[in-house]
Every structure is written in C-alpha cells, then in structure tokens.
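Open the model in your viewer and keep the selection tool at hand. Each stop below says what to pick and what is there.

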Amino acid sequence: MEKQENNSKEENLEEIVLNMREQCQIVENILKKQIEIKDELINKLHNELSYYKQDSADRFVEQLMKSVIKVRKDIKKVMESTEWDTMDAEDLKREYRYIFEDITDLLEQQNIDSYTTLPGTLFDPGLHQAKTESTDNEELNKTVKESIAEGYKRGSKILQPEKVIVYQYREND
C-alpha cells in the first residue's frame with residue numbers, strides 16, 4: 001500500500017512538473033510575443049520620428065530657398081529693366097541697399113544676428129577670428145584693435161566668427 005501511495009505521489013509530482021513546464025512554455029511564448037510587439041512599436045515610432053525630422057528640415061530649407069528666390073528675382077528684375085544700362089552710381093547704391101535690406105530681413109527671419117566688437121574689448125576666441133598686430137604697450141595685449149568683418153550668431157551659437165585685428169604684446173629689444 002505504501003508503494004502504491006508512493007507511486008501515486010510520484011505520478012502527481014510528475015503531473016505537477018509537467019503542468020509547470022507547460023505553463024512556463026506558455027509564459028515564455030507570451031513574453032516573446034510581447035517583446036516582438038514592443039520592438040515593432042519602437043521601430044514604427046522611430047520611422048515616424050525620422051519622417052517628421054526630415055519633413056521639418058525640408059520645410060525649413062524650402063522656406064529659406066523661397067526667400068533667396070525672392071531676392072534673386074528682385075535683382076534680376078533690376079538687371080533686365082530698361083534703366084539698367086543708364087543707371088548712375090546713386091541708382092546702383094540704392095539697389096544695393098535694397099538687396100542688403102532683403103538679405104538682412106532673411107537672416108532676421110531665421111533669428112540670425114550680426115555682431116561687431118568695439119575696439120579695446122578683450123579678444124574672445126569663441127567669438128573672434130584674429131589677425132595679430134604687434135604692440136609695445138602691454139595694456140593693449142589681447143585686445144581688439146579693429147573689426148574687419150562682422151560675425152553672425154543664432155542665439156548663443158556662433159555661425160561665423162567676427163574677423164578682428166588683435167594687439168599682441170611684444171617687448172622692444
């Protein structure tokens with residue numbers, strides 16, 4: 001009887017182990033399916049984000065190019081006008097001012113500002129591109145003598161550094 005009871009317990013135990021294995025297999029399959037769904041969702045979101053990023057960049061470039069086209073059309077219109085050959089220096093200066101204003105507006109629309117540094121300001125390699133000029137005055141060392149060409153920035157990001165002449169101290173021998 002005891003043997004029969006042991007056999008019955010072993011059979012029950014085997015049945016429990018078998019059920020546990022089946023349940024583990026079911027849980028494993030469910031987890032695999034969930035991981036596949038998650039990976040598909042991540043890929044889909046990544047593709048959508050890439051699409052929107054590209055679309056946003058395309059819209060930005062398109063807007064910028066429309067502005068450039070407008071400036072080009074204005075220049076072409078002046079060049080093809082009957083007055084082009086008879087324009088005097090003042091007329092040409094006026095047209096150049098118009099072009100300059102159009103380009104300045106285009107830069108402002110993109111939040112791009114020009115900047116220049118006053119003479120005597122300390123040289124900043126993050127803002128300036130320097131040409132040096134020797135001086136025997138130690139107080140002028142590393143200060144801006146003159147701005148050669150303005151710099152351009154968008155917010156705090158420097159797009160094109162300002163070109164400046166900077167004093168560099170050298171002792172007279």
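Which residue lies over the face of Y115? Select Y115 and K153 together: K153 is the one over the ring face, at 5.5 Å from the ring centre. Keep in mind that this is a predicted model. Do not look for ring pairs here; the count of aromatic pairs is zero.

**Helix 2**

Select residues 89-109, which make up helix 2. Check its length with a distance between the end C-alpha atoms: they are 30 Å apart. That agrees with expectation, because 21 residues at 1.5 Å a residue should span 30 Å. Now step just past the end of helix 2 to N111. Its phi is positive, about 60°.

**S67**

Go to helix 1, residues 2-79, and pick S67. Is S67 buried or exposed? S67 has a relative accessible area of 17%, under the 20% cut-off, so it counts as buried. Show its contacts next, leaving out neighbours within four places in sequence: L106 and Q109 are in contact with S67.

**The largest pocket**

Finish at the largest pocket, which holds about 180 Å³ of space. To display the lining, select D74, I75, K77, V78, M79, W84, L92, E95, Y96, Y98, I99 and D102. Colour by helix. Helix 1 and helix 2 each supply at least two lining residues. Which helix gives the most to this lining? Helix 2 does, with six residues.

Definitions and conventions: Residues are numbered from 1 along each chain as its sequence is written. This is a predicted model: local features need pLDDT of at least 70, side-chain atom pairs count only at pLDDT 80 or more; totals for chains, interfaces and linings use all residues. Side-chain values use heavy atoms; hydrogens and water are left out. Helices (H or I, at least four residues) and strands (E, at least two) are DSSP runs, numbered from the N terminus. The expected span of a helix is 1.5 Å times one less than its number of residues. Rings of Phe, Tyr and Trp (its six-membered ring) pair if their centres lie within 6.5 Å; planes under 30 degrees apart count as stacked, over 60 as edge-to-face and the rest as tilted. A charge sits over a ring if NZ of Lys or CZ of Arg is within 6 Å of the ring centre and within 35 degrees of the ring normal. Buried means under 20% relative accessible area, exposed over 50%, partly exposed in between (1.4 Å probe, protein chains only). Contact means heavy atoms within 4.5 Å. On a 1 Å grid over the protein atoms alone, a cavity is a set of points where a 1.4 Å probe fits but cannot get out, and a pocket is an open set with protein on both sides within 12 Å along at least five of seven lines; lining residues have an atom within 4 Å of a point. Grid points are joined across faces, edges and corners, and a volume is the space filled by probe spheres set on the points.
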